[in-house]
There are 2 protein chains.
Amino acid sequence: MTSSLRKPPARASIAEYLAEAIFAGRYQPGDFVPRELDLCERFAINRSAVRSDLRQLVDVGIIERISGHGSKVREYAEWHILDPQVTEWMSRYAAPNPEIQREILAFRLDVEPYVAMTAARRATARDLVAIEEAFEGLGQNLRNASCAEERRLHSECDVAFHVAIFKATHNIVWAQLSHILRPSIHLLVTMSNEHASDPEESLERHRQVMESIRMRRPKEAFLAAQAVLAGTAEALGLEPGASSLGRGFELP
Amino acid sequence: MTSSLRKPPARASIAEYLAEAIFAGRYQPGDFVPRELDLCERFAINRSAVRSDLRQLVDVGIIERISGHGSKVREYAEWHILDPQVTEWMSRYAAPNPEIQREILAFRLDVEPYVAMTAARRATARDLVAIEEAFEGLGQNLRNASCAEERRLHSECDVAFHVAIFKATHNIVWAQLSHILRPSIHLLVTMSNEHASDPEESLERHRQVMESIRMRRPKEAFLAAQAVLAGTAEALGLEPGASSLGRGFELP
DNA sequence: ACAAAAGTATATGTTGAACAAATGGCGAAT
DNA sequence: ATTCGCCATTTGTTCAACATATACTTTTGT
């Protein structure tokens with residue numbers, strides 16, 4: 001191994017840089033990002049690499065390349081927010097517009113109780129192990145949410161908890177859809193650190209979901225998941241009623 | 001315009017060729033696709049283009065590139081089946097394994113009644129126009145489902161009908177998720193052509209969904225959507241009970 | 001004879017340059 | 001004033017050379 005750093009910035013990824021800039025709003029829909037040759041010079045990298053990275057942004061619908069003109073940022077509605085790479089950027093840099101976060105949360109309010117209910121029906125022992133491990137992590141990283149690193153850990157456990165429940169449905173579509181949770185969970189953990197909502201109460205709600213799934217009680221799992229999301233919506237300053245679907249939906 | 005063809009094979013897209021081959025099962029998970037130089041020769045194309053296309057397959061999780069070894073087809077569970085490009089390939093070439101189709105249909109059984117219910121609550125006049133236009137197309141292309149072109153048209157209208165309902169939720173996540181419908185709808189139209197199920201009955205069920213949404217009757221829309229999907233599941237030879245979630249879920 | 005080490009073959013990864021094609025704007029001619 | 005054609009800019013395509021990573025083979029030392 002070399003002396004100084006094992007992995008220098010690996011390579012200055014243009015995709016990463018542009019994603020940060022676009023998600024931060026420095027380039028907005030309709031704007032043009034710097035042209036290829038400028039990016040080459042700016043990052044001391046060859047054009048092939050630049051084009052390769054730009055293509056990644058094109059493939060997820062974030063930019064549009066116009067031959068002989070430039071690369072334009074597309075409207076938010078065009079972005080592939082179901083793409084794992086996009087949700088990762090959203091959770092890392094926050095969504096570029098609040099509306100997207102609201103709609104993702106509305107979606108969660110719609111489906112998560114449903115998913116928890118199914119998990120209660122179909123979860124295997126292995127699924128329960130995954131759910132429990134994530135929950136343990138949630139509890140451990142609860143108190144000392146002081147530094148950024150601790151918060152990141154807590155956030156990861158929170159994500160892992162919800163993803164484990166999605167996977168417990170044993171349906172590939174639900175499992176892959178779990179990526180959509182990341183952005184709003186990361187946002188929640190970040191905001192709850194500022195607004196200091198009650199973490200004990202949140203933990204207890206998560207425990208209820210886990211127990212309901214373990215005990216194979218679908219109805220209880222449905223309600224418990226609703227309770228968790230109500231807390232989430234509240235912490236994010238969104239009323240549960242804002243959901244496009246969930247309102248008024250009750251148990252069979 | 002030129003004399004012969006307005007769009008020659010555009011270009012022999014390696015991504016398209018490999019997608020067809022992989023979805024047809026000629027390359028299965030674990031297999032290695034031809035190496036770059038062979039593809040260059042086979043399609044009389046340069047290596048940059050080949051690599052660009054291979055990257056597209058990498059980005060959607062279909063293949064994995066191993067430096068100095070080759071490009072391996074990944075397990076089905078790794079594929080990004082929520083990606084629009086992947087669902088387009090699935091609807092064009094059919095899913096490479098039946099299990100994926102089953103799980104997508106199970107997902108539809110879970111969520112479509114829910115989505116129809118919301119559409120009934122939130123659909124605007126414009127949404128209703130889109131739904132109606134698709135429905136008209138369904139009716140027109142019903143009788144003459146003889147040649148392949150007619151069937152394709154019918155399939156497109158079927159897709160448009162369901163997608164319009166998803167968009168009527170006015171939630172970006174649901175709207176983008178509507179891509180997942182394409183594969184099973186195309187499969188249904190193909191199979192129903194062989195098994196000759198009753199198209200009149202299917203059309204009537206779709207009409208019920210549309211009318212329920214128009215009349216703003218969420219509960220009826222929920223039930224009507226369930227009825228459509230029951231017909232779909234039957235036509236595909238899958239019992240509705242195979243759903244991972246939907247079974248036993250009733251209206252509030 | 002066996003095992004570790006060095007070397008080789010084969011594939012993907014990276015870089016650089018040159019040329020082709022498309023778009024937008026400017027300007028001249030009608 | 002409008003249209004046609006030219007030109008500048010930027011992305012698209014192709015080619016060639018070299019670097020790096022992995023698997024297999026050969027060598028070499030005990």
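Contacts of DNA strand D

User: How far is an N or O atom in the side chain of B:Ser67 from a sugar or linking oxygen of DNA strand D?
Analyst: This is a predicted model, in which local features need pLDDT of at least 70, side-chain atom pairs count only at pLDDT 80 or more, and totals for chains, interfaces and linings use all residues. Residues are numbered from 1 along each chain as its sequence is written, chains are lettered from A and ligands numbered from 1 in the order in which they are written, and side-chain values use heavy atoms, with hydrogens and water left out. A polar contact is a pair of N or O atoms within 3.5 Å. For B:Ser67 and the sugar or linking oxygen, the distance is 3.3 Å.

User: Which residue has a polar side-chain atom 2.6 Å from a base nitrogen of DNA strand D?
Analyst: Among the atoms of DNA strand D within 4 Å of the protein, 71% belong to sugar or phosphate and the rest to bases. A phosphate oxygen is 3.2 Å from a polar backbone atom of A:Glu36. The base nitrogen is instead approached by a side chain, that of A:Arg47.

User: Which residue in the turn between β2(A) and β3(A) has a positive phi?
Analyst: Strands are DSSP runs (E, at least two residues), numbered from the N terminus, and two strands pair if DSSP finds at least two bridges between them. β2(A) and β3(A) (residues 70-73) pair in the antiparallel sense over four bridges, with A:Ile63 opposite A:Val73. They form a hairpin with three residues between them. The residue with a phi of about 75 degrees is A:Gly68.

Technical notes
A residue is near a molecule or strand if one of its heavy atoms lies within 4 Å of it. A polar contact is a pair of N or O atoms within 3.5 Å; within protein, one must be able to donate a hydrogen and the other to accept it, and residues adjacent in sequence count only if both atoms are side-chain atoms.
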